[in-house]
Amino acid sequence: MKEQIIPIFYACDDAFVKFTIVSMHSLIRNASKEYQYVIHILHTEISEQMKDTVLRLACENVEIRFIDVTEYLQSISDKLPLRDYYSKTTYYRLFIAEMFPQYSKALYLDSDTVIRGDVSKLYLTEIGDAYLGACHEQVMVQSREFGNYVEKVVGVSRYNFFNAGLMLINCEQFRLHFVLDKFIDYLHYYNFVVTQDEDYLNLICKDHVYWLDQRWNTETFGVIPHPPEQAEMIHYIMTNKPWHYEGCILGDIFWEYARETEVYEELLSIRRNYSDEEKERDAASSDRLTQIAIDETNREDNFLNRINRDKRDKDRVEILHKIDQFELEGRFDEDVENDPPGRMLMPDEIEYVRKTRAEKLKTKFAFKMAHKFIDELVEDRKFIIKEIKGVEHFKNLECGAVITCNHFNAFDSFAIQMAYEAADQPDRNFWRVIREGNYTSFPGFYGFLMRHCNTLPLSSNAVTMKKFFRGISELLENGDYVLFYPEQSMWWNYRKPKPLKRGAYQCAARSGAPILPCFITMKDSDVMGEDGFFVQEYTIHISPPIFPEPDLPVRKQAELMMYKNYEDWKEIYETEYHIPLSYTTREDCMSQLEGFVKKEEPSDTSE
């Protein structure tokens, strides 16, 4: 028998422990016998009689411990604003990492569950540096009222809100990132009244969740997203309790396990005696909770509105509101931030490729300054590259390429620069296409970098643009890389891929060069920026190159590469964020999205 101990936690009181017994019995019956399990029951008051009943579930590889948390709660009581917060057993799961420093990882389960899978497989899931592993909360996904609530009050996407009834807790990360302290701080700041501690946990752990197979938290609500017989754990949420109602969703599975316990007759008695008045109270409670979610969403002083008002830079908040409006109106190719007024770049002001000796010296100096600037940002954790995936696609290319990237930050081109440098190809240069005004009119230090860090400015002058296209072709033929932003616009911290413009793909097709798609995903770090928003951690995804098809007309080649690029970004987005890609754009403003959201192949048009 393996010596590894798997720690499992429940939290309950004397009234609810009988349901815990059914859950524990199902867990023990289906768990691998190759491991030792220590089941901890966190409580403040459970009768000795019920303890004896529970302890009879113990067996050779299962130890059961009752942990009275009264003393611990008293030790932190001065930190908590209201006694109610620590008298409810639902909050005890927040204390596990601090109370049990010997554990690096722990499994928490709600008592209203039946476990059909082998929890050792779940526990041994490698979740990396995520704060916890959990499953998507189907109430938020499937209910408009609750989905709106978590997005407009808690500030978490309805598709990335987890149910806290099953959590694989990374205790080391909980301690390292002071999750309990953050919870207490938020308690003093705002009282979440819908899902309470689940709201706080989702707020604190946003972007730091490892998404477990949904079958490990099969909620008895709405449409079950997988065949019910595949459920590894069934979670009888809200008022869907088989010990209260006959015909409850998947209730027969609960009774299959309950029948094998000492509390079976008591549970049957509870169901027989559950009155019409209590059932009416359940219905009213469900309606009331929905109304509370609606009221909180509409509150001018709700949590997210208060944070935006009190702690966040007003300009940044306005930009986010503007992004929401632009997405609604389908204005994807428009910038949401105002660049300095620009002037036209004339053809005699720029030589795209053949630089003079003086210009080469300025470029060398500019890169040295830029590196120093970025190195300082990295050191201060104001610019965080978490991971570069697919750098081999840089290394394996034997020709020049057009690099495409999503555009969400003024410094995101430096992230691609770092990916290029990680590929270690000193004989091939990296160039970036920039806006005309950024080249002609940007002032000071940033303006110097704009003009001299291997930049290729666009122009509103037709003759200058001819020089631009000739320069692009020459660079690609020389084997260099040219970074384009085919979305055309920059939206600050916007995570979705936007509709693409054809220009970058036309340049690639004319030169017979491939597209090297790069998509940067981001998540909140634990570093708070000066603007009141968390600094983002970037992961750079470099995909396999998309080659042109020379037998087709140039325009058709460009359309096909553009389509494939968008589909690649879409797949990365949905895989990394666990969110289906969709837009809020009104139907009367959908022109920008045609050919993308409808998944239509590009039209077979000729040059």
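These are my notes on what I looked up in this structure.

**Whole chain**

I am working from a predicted model. I began with the overall counts. The protein chain has 24 helices and 17 strands. I noted a box of roughly 90 × 55 × 50 Å for the C-alpha atoms, taken along the principal axes. Of the 607 residues, 55% are buried. Residues 24 or more positions apart account for 78% of them. The accessible surface comes to about 27500 Å². Carbon and sulfur atoms hold 48% of that surface.

**Charges**

I counted 72 positive and 102 negative side chains. The centres of the two sets lie 5 Å apart. Next I looked for a surface patch of like charge. Asp13, Asp14, Glu45, Asp68 and Glu71 form a negative one. I checked one of its members, Glu71, which lies in helix α3, residues 70–76. Glu71 counts as exposed because its relative accessibility is 66%, and the cut-off for exposed is over 50%.

**Salt bridges**

Side chains of opposite charge can pair when their charged atoms come close. My search of the whole structure gave 40 salt bridges.

Lys206 pairs with Asp524, with the closest N and O atoms 4.0 Å apart. Lys206 sits in the loop between α11 and β8, and Asp524 sits in strand β16 (residues 515–528), so this pair ties together parts 318 residues apart in sequence. Lys206 is partly exposed at 29% relative accessible area. Asp524 is buried at 11%.

Glu329 and Arg331 also form a salt bridge, at 2.8 Å from N to O. I find Glu329 partly exposed at 23%. Arg331 is partly exposed too, at 27%.

Glu349 meets Arg343 in a salt bridge of 2.8 Å, N to O. Glu349 has 34% relative accessibility and counts as partly exposed. Arg343 has 41% and also counts as partly exposed.

The network links Glu296, Arg299, Asp301, Arg306, Arg309 and Asp310 through salt bridges.

**Positive phi**

Most residues other than glycine have a negative phi. I looked for exceptions and noted two. Asp207 has a positive phi of about 70° and is not a glycine. I place Asp207 in the loop between α11 (197–205) and β8 (209–211). Lys206, from the salt bridge with Asp524, lies in the loop between α11 and β8 as well.

Met238 has a positive phi near 55°. Met238 is in the loop between β10 (233–235) and α12 (251–258). At a relative accessible area of 34%, Met238 is partly exposed.

**Helix α12**

How many of the residues of α12 are buried? Six of the eight are, so α12 is largely enclosed by the rest of the structure. The buried ones are Gly251, Ile253, Phe254, Trp255, Tyr257 and Ala258.

**Ile169**

I turned to a position in a strand. Ile169 is in β7, residues 162–170. Is Ile169 buried or exposed? Ile169 is buried, with a relative accessible area of 0%. I listed the contacts of Ile169, leaving aside neighbours within four places in sequence. They are Arg93, Ile96, Ser104, Lys105, Ala106, Tyr108, Tyr131, Leu132 and Phe174. I also checked the spacing from Ile169 to Val150, 19 residues apart along the chain. Their C-alpha atoms are separated by 22 Å.

**Val391**

Val391 lies between β11 (384–389) and α18 (392–395). Val391 counts as buried because its relative accessibility is 19%, and buried means under 20%. Beyond neighbours within four places in sequence, Val391 is in contact with Ala419, Ala422, Ala423 and Ile542. Val378 is 13 residues from Val391 in sequence. From C-alpha to C-alpha, the two are 20 Å apart in space.

Technical notes:
Residues are numbered from 1 along each chain as its sequence is written. This is a predicted model: local features need pLDDT of at least 70, side-chain atom pairs count only at pLDDT 80 or more; totals for chains, interfaces and linings use all residues. Side-chain values use heavy atoms; hydrogens and water are left out. Patches are made of residues with over 30% relative accessible area and no salt bridge: like charges are joined within 9 Å, nonpolar side chains (Val, Leu, Ile, Met, Phe, Trp, Tyr) within 5 Å. Accessible areas come from the Shrake-Rupley method with a 1.4 Å probe; for residues, only the protein chains shown count as cover. A salt bridge is a side-chain nitrogen of Lys or Arg within 4 Å of a carboxyl oxygen of Asp or Glu. Lys and Arg count as positive and Asp and Glu as negative; His and the chain ends are not counted. The place of a charge is taken as NZ of Lys, CZ of Arg, CG of Asp or CD of Glu. Helices (H or I, at least four residues) and strands (E, at least two) are DSSP runs, numbered from the N terminus. Buried means under 20% relative accessible area, exposed over 50%, partly exposed in between (1.4 Å probe, protein chains only). Contact means heavy atoms within 4.5 Å.
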